[in-house]
Amino acid sequence: VQDAFGTTVLKGAEVDITPDGRLDAPSGLLDGLDLVVASVNTKLEMAPAEMEARVMRAMEDPNMDVLGHPTGRVIGLREGNGMDLSRVAERAAERRIALEMNASPDRLDLSDNDAFNVYESGAFYSLGTDAAFADEMDNWRWAVIMARKALLGRERVLNSLTSQQLKGRAWRK
């Protein structure tokens with residue numbers, strides 16, 4: 001959709017990955033979106049193998065474009081979920097699902113080190129701020145710094161794509 005100023009506005013949503021690995025929104029709704037971020041936001045205490053199976057199942061959904069805050073960590077509150085990030089990144093690369101680098105100072109998830117370590121898997125990345133308030137948009141600066149520290153090539157960062165490439169899910173082809 002283009003607004004009166006010629007700005008392209010894309011439609012997207014973050015949806016929860018249910019404990020059994022489904023996306024917690026009707027397919028009919030997700031089909032109409034330009035970008036779907038799926039994240040584990042509930043039942044966070046699962047064993048690492050169970051969490052990994054949950055995420056792997058979610059990645060089978062053709063509507064999923066980005067795995068949000070992959071390790072689930074919140075600095076000073078909760079450690080990461082312990083799943084094998086290398087296997088998750090490999091599956092994400094196969095399915096052409098991007099891994100979020102969430103630059104909220106509370107998360108930094110995927111960290112620059114983790115992103116660097118799984119880059120060879122062929123993974124794509126999506127930089128995010130986790131902003132709930134206008135002043136949190138400053139987190140973009142940290143997202144870019146994290147991506148640079150991880151030595152990510154712009155061709156594998158969704159934020160480097162044009163709106164038409166995003167809308168047409170060019171990285172998924």
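## First stop: two tyrosines

Select Y119 and Y125: both residues are buried, that is, under 20% relative accessible area, where exposed means over 50% and partly exposed lies in between (1.4 Å probe, protein chains only). This is a predicted model, in which local features need pLDDT of at least 70 and side-chain atom pairs count only at pLDDT 80 or more, while totals for chains, interfaces and linings use all residues. Residues are numbered from 1 along each chain as its sequence is written, and side-chain values use heavy atoms, with hydrogens and water left out.

A search of the whole structure finds one aromatic pair. Y119 and Y125 form this pair, which is stacked, with 6.2 Å centre to centre and 10° between the planes. Rings of Phe, Tyr and Trp (its six-membered ring) pair if their centres lie within 6.5 Å; planes under 30 degrees apart count as stacked, over 60 as edge-to-face and the rest as tilted.

The criterion is NZ of Lys or CZ of Arg within 6 Å of the ring centre and within 35 degrees of the ring normal. Then move to W142, where R141 lies over the face of the ring at 4.5 Å from its centre.

## Second stop: the whole chain

Zoom out and colour by secondary structure. The protein chain has six helices and five strands, taken as DSSP runs (helices H or I, at least four residues; strands E, at least two) numbered from the N terminus. Along the sequence they follow the pattern β-α-β-α-β-α-β-α-β-α-α. The radius of gyration of the protein chain is 15 Å, close to the 16 Å that the globule rule gives for 173 residues, so the chain is as compact as a globular protein of that length. The radius is taken over C-alpha atoms, and the rule is 2.2 Å times the number of residues to the power 0.38. Along its principal axes the C-alpha trace spans about 50 × 35 × 30 Å. Of the 173 residues, 46% count as buried.

Which residues have the most contacts inside the largest nonpolar core? They are L23, M64, L99, Y125 and L152, in a core of 39 residues. A nonpolar core is a set of buried Ala, Val, Leu, Ile, Met, Phe, Trp, Tyr and Cys residues joined through side-chain atoms within 4.5 Å. Among the elements that each supply at least two residues of this core are β2 (35-39), α3 (85-95), β4 (98-102) and β5 (124-128). A second, separate core of eight residues includes V37, V66, A98 and W171.

Go to D112, which lies in helix α4 (residues 112-117). D112 counts as buried because its relative accessibility is 14%. Leaving out residues up to four places away in sequence, D112 touches M101, M146, K149 and A150.

Finish at Q2, in the segment before β1 (12-16). Q2 counts as exposed because its relative accessibility is 56%. Apart from its neighbours within four places in sequence, Q2 is in contact with T7 and T8.

How values were computed: Contact means heavy atoms within 4.5 Å.
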